[in-house]
Amino acid sequence: MDTHKRNLMSQSILMVTIFMIFVNHSSSTFHGSSGVEQLDTVVEEAEDHLAYPSTSDWIEELNDGMEDDQWQLVQKKGNQFVVNDQPFYVNGFNTYWLMVFAADKSTRGKVTDTFKQASSVGLTVCRTWAFNDGQWRALQKSPSVYDEEVFKGLDFVISEARKYKIRLILSLTNNWDAYGGKSQYVKWGKAAGLNLTSDDDFFSHPTLKSYYKAHVKTVLNRVNTLTNITYKDDPTVFAWELMNEPRCTSDPSGDKLQDWIQEMAVYVKSLDPKHLVEIGLEGFYGPSAPGRVQFNPNTYAQQVGTDFIRNHRVLGVDFASVHIYADSWISQSISDLHLQFTKSWMEAHIEDAEKYLGMPVVFSEFGVSSKDPGYNSSFRDTLLSTVYKTILNSTKKGGSGGGSLLWQFFPEGTDYMDDGYAIILSKSPSTSNIIALHSTRLALFNSRCSWKSHWGCRKKNPLETFPLYYDDL
């Protein structure tokens, strides 16, 4: 039997299995928390029947079933994401270099490969860079001067994402030197004769802030040359991210960064009131929440000028972001302490998002490096499972855990760029299975129309309309 037929059979068996288990549970109607528990039972029993749930076709069917005919914007309703007024929980990934690869026709195919392979395991959101400031293959060569071919690369990224029903979180600049970021803005400022003494002047100098705003305006008003849709009108965009991992170490009080966040979140919303906005924070607790600093990974985290709760209580910010890097923050050597920290870190932020912020929280980067002492693939699988289980514990209760984005997803043939964190599905079957299984669970939750709020159904439950592919069996 060839691989294609074997995959079809595996997918068909999974659909039949879930459908039959669903029928066995259908004597009672899905409503509220009991409905969530029943859905979870369906998935758990399907796992018992099948050692490996292949998802490439049937998750597409499930997603087709839960979406309206039109590709709609993701919105926020209370502490949850919704699409077409139905819940939308995220299983996603980071691949930061997509625009740069798309700008070169010799590497453009890797962008398609990324989305195709991610879609095959049910991943639905990708976070990537919508910036490259003054570097090799720069998008922005100097303030407000752009390389049209690189912009066309970003056009391609967005159009390809849409084809594979993957939404994009687009980050607008970097705290770090890679791809330019705030240090490049400072270099541009110095070249223009500004008296600048620190890269953190990015957050306060009027001219540098005007450079950043001009970039935001250019990106949001860009008309895609492939789809003819303006970026700020495109539902393929999940959210705009102000900055990747902003820190302002020159002001540990957090005031300077807080002012910048307030100004820029409102500015983005003034240009695009329809899309969601997030900051890009790592999640460190600061002076405004002394009772929460115990959850920080180290004392240094209190000195980088960020303040998770305060920063997210800003007009224009729709959801919270948190990163998880125990191997950078606690110790590089692999240990169970990493897992314990990950769980407590996530639970603290989910609780804060519910109690104090009233918004979803996305764990928008998490991973472990294969270069860490003591690393093995089974530990990575355990870490992924820990993150996914913590998200699901929130999902079952209708909580603020909106989803997670693994760092990072690479297609075959890009190993030379691996920083140690790359996940290549074909080389990591056990990890691939865990990702696919989490996608299965979230797709089932997303397929439900009624939640704690009485949201209306627009379509039948996809489980009731699954094609069962009897001919293939």
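Modeller: Two strands are said to pair if DSSP finds at least two bridges between them, where strands (E, at least two residues) and helices (H or I, at least four residues) are DSSP runs numbered from the N terminus. This is a predicted model, in which local features need pLDDT of at least 70 and side-chain atom pairs count only at pLDDT 80 or more, whereas totals for chains, interfaces and linings use all residues. Residues are numbered from 1 along each chain as its sequence is written, and side-chain values use heavy atoms, with hydrogens and water left out.

The part in question is an open sheet built from three strands in the order 1-2-3, with antiparallel pairing. At its edges lie strand 1 (75-77) and strand 3 (86-87), each of which pairs on one side only. Strand 2, covering residues 80-83, is joined to strand 3 by two bridges, and these two strands run antiparallel; within this pair, Val 83 stands opposite Gln 86 of strand 3.

As for the context, the protein chain holds 14 helices and 13 strands. Of its 473 residues, 59% count as buried, a term that means under 20% relative accessible area, with exposed meaning over 50% and partly exposed in between (1.4 Å probe, protein chains only). If contact is taken as heavy atoms within 4.5 Å, then among contacts between residues at least 6 apart in sequence, 76% join residues at least 24 apart.

In soluble globular proteins, nonpolar side chains tend to be buried together. A nonpolar core is here a set of buried Ala, Val, Leu, Ile, Met, Phe, Trp, Tyr and Cys residues joined through side-chain atoms within 4.5 Å. The largest such core has 103 residues, and those with the most contacts inside it include Phe 93, Phe 115 and Trp 260; helix 9 (residues 255-271) gives the most to this core, with eight residues. Leaving aside neighbours within four places in sequence, Phe 93 is in contact with several residues, among them Phe 115, Ile 166 and Phe 409. A second, separate core of 13 residues includes Val 90, Ile 169, Phe 238 and Ala 239.

Helix 7 (residues 181-191) is mostly covered, since eight of its eleven residues are buried, including Tyr 185, Val 186 and Trp 188. Strand 6 (140-142) and helix 8 (206-220) are among what covers these buried residues of helix 7, and just after helix 7, Gly 193 takes a positive phi of about 95 degrees.
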